[in-house]
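Here's a quick tour of a ligand site and a few spots around it. Have a look at the model first, then read on.

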Amino acid sequence: MIDSRPVSFSGVQPSGNLTIGNYLGAIKNFPEFSEKYKCFYCVVDEHAITVRQKPAELRRRTYETPALYIACGLDPEKNTLYVQSHVPAHAELAWILNCFTMFGELSRMTQFKDKSAKHADNINAGLFTYPTLMAADILLYQTDVVPIGIDQKQHVELTRNIADRFNQLFPDTFTVPEPIIPKAGAKIMSLQEPDKKMSKSDENENAVVRILDDRDTIIRKFKRAVTDSDSAIVCSPDKPGVTNLITIYSCFTGKTAEEVEKEFEGRGYGEFKLAVGDACAAKLAPVQEEYKRLLADKAYLESVMKKGAEEATYYARKTLSKVRRKVGFVNL
Ligand code: TRP
């Protein structure tokens with residue numbers, strides 16, 4: 001069967017600490033996305049070890065991440081969900097691309113500069129060449145679109161430059177991918193500094209609600225959410241705290257912002273925050289239950305990883321063998 005859908009590639013860090021921002025933004029759109037695109041979701045364990053990891057934790061999170069995605073609605077039958085290190089073609093192509101990427105280009109990557117400042121005791125070569133592995137991830141699948149957050153845009157730009165350079169030397173090798181920054185159905189802001197996006201790596205735990213937070217934690221975090229000086233529950237640019245809570249409540253209940261404002265007219269922040277927490281906890285409960293069930297079923301998760309790796313390998317090999325031929329390697 002010929003698949004005419006464009007290809008989408010997503011790299012997913014192995015971590016279970018996704019937030020309701022991730023959930024309401026990207027994750028909830030999984031089903032719709034897989035109709036439009038042929039989707040690859042790759043758990044990037046090789047990228048993860050560019051900073052020190054506790055091996056047992058990395059292994060645990062490599063199971064948790066696919067479990068969480070599936071629990072959130074990703075159908076492993078309709079998408080290719082796999083683990084990066086299960087497909088050796090990623091590391092192989094990354095080596096070749098290293099030889100077509102300039103030291104100066106990698107030196108300009110802001111993520112490298114940030115991370116080497118943060119991990120000054122471990123500025124390893126993998127941290128430096130992180131972007132060429134990412135380019136390999138993307139280019140192996142002749143990817144058309146790469147859904148990313150704004151922080152990864154520079155890496156996709158570099159990927160495009162590497163692809164262009166390679167194609168100049170060896171025509172028709174790679175599809176040059178486009179970054180897409182998915183229009184989150186809603187942009188979810190920090191509960192503590194509502195003019196900042198909710199970030200999974202925020203140091204203040206009260207600023208983020210995680211998909212796996214239990215009910216009491218969720219209620220407590222919303223209770224402590226920063227609101228604004230006057231007590232009206234209305235959306236307004238000078239009331240970012242309340243506006244954010246209204247957005248979250250409307251996402252979890254399906255009500256429009258106007259309906260929410262009506263519902264809480266004349267009522268206090270206390271009551272409103274409790275309602276937001278309640279709606280959020282109620283929507284996440286079945287996701288959390290499914291997550292627990294999946295995590296307990298290692299055999300199933302491994303079968304998903306195995307099927308995903310086989311599918312990915314099929315596509316990756318085609319590109320890799322073409323690249324090997326072009327650069328002059330002997331294919332046996
Ligand atoms: N670097 C990405 C991040 O930190 C993860 C990633 C690795 C990725 N490979 C990718 C994202 C390929 C998109 C495409 O979030």
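What follows covers the ligand shell, one histidine in it, a strand pair and a glutamate.

First, the ground rules: this is a predicted model, where local features need pLDDT of at least 70, side-chain atom pairs count only at pLDDT 80 or more, and totals for chains, interfaces and linings use all residues. Residues are numbered from 1 along each chain as its sequence is written, and side-chain values use heavy atoms, with hydrogens and water left out.

**The ligand shell**

Around the ligand sit Phe9, Gly11, Gln13, Val44, His47, Tyr130, Met134, Asp137, Ile138, Val146, Ile148 and Gln152, each with a heavy atom within 4 Å of it. By type, that shell splits into 7 nonpolar, 4 polar and 1 charged; here Ala, Val, Leu, Ile, Met, Phe, Trp, Tyr, Cys and Pro count as nonpolar, Asp, Glu, Lys and Arg as charged, and the others, Gly among them, as polar.

| Side chain | Ligand atom | Distance |
|---|---|---|
| Gln13 | oxygen | 2.9 Å |
| Asp137 | nitrogen | 2.7 Å |
| Gln152 | nitrogen | 2.9 Å |

On its own the ligand has 360 Å² of accessible area (Shrake-Rupley, 1.4 Å probe), and the protein covers 90% of that. Strand E1 (7-12) and helix H8 (125-139) are the elements that give two or more residues to the shell, and H8 has the largest share, with 4 residues. Helices (H or I, at least four residues) and strands (E, at least two) are DSSP runs, numbered from the N terminus.

**His47**

Is His47 buried or exposed? His47, part of helix H3 (residues 45-48), counts as buried because its relative accessibility is 3%, and the cut-offs are under 20% for buried and over 50% for exposed, with partly exposed in between (1.4 Å probe, protein chains only). A polar atom of the His47 side chain lies 3.3 Å from the backbone nitrogen of Met134. Leaving out residues up to four places away in sequence, His47 touches Gln84, Tyr130, Leu133, Met134 and Asp137, where contact means heavy atoms within 4.5 Å.

**Strands and a glutamate**

Strand E2 (residues 38-43) runs parallel to E3, joined by 4 bridges; strands pair if DSSP finds at least two bridges between them. Val43 has Val83 as its bridge partner in E3. Strand E3 (residues 80-83) is covered on both faces, with Thr80 and Tyr82 buried on one side and Leu81 and Val83 on the other.

Then there's Glu105 in helix H6 (residues 103-107). Glu105 is buried, because its relative accessible area is 10%. Beyond its neighbours within four places in sequence, Glu105 contacts Leu158, Asn161 and Arg165.

Methods:
Polar contact = N/O pair within 3.5 Å; in protein donor to acceptor, adjacent residues only side chain to side chain.
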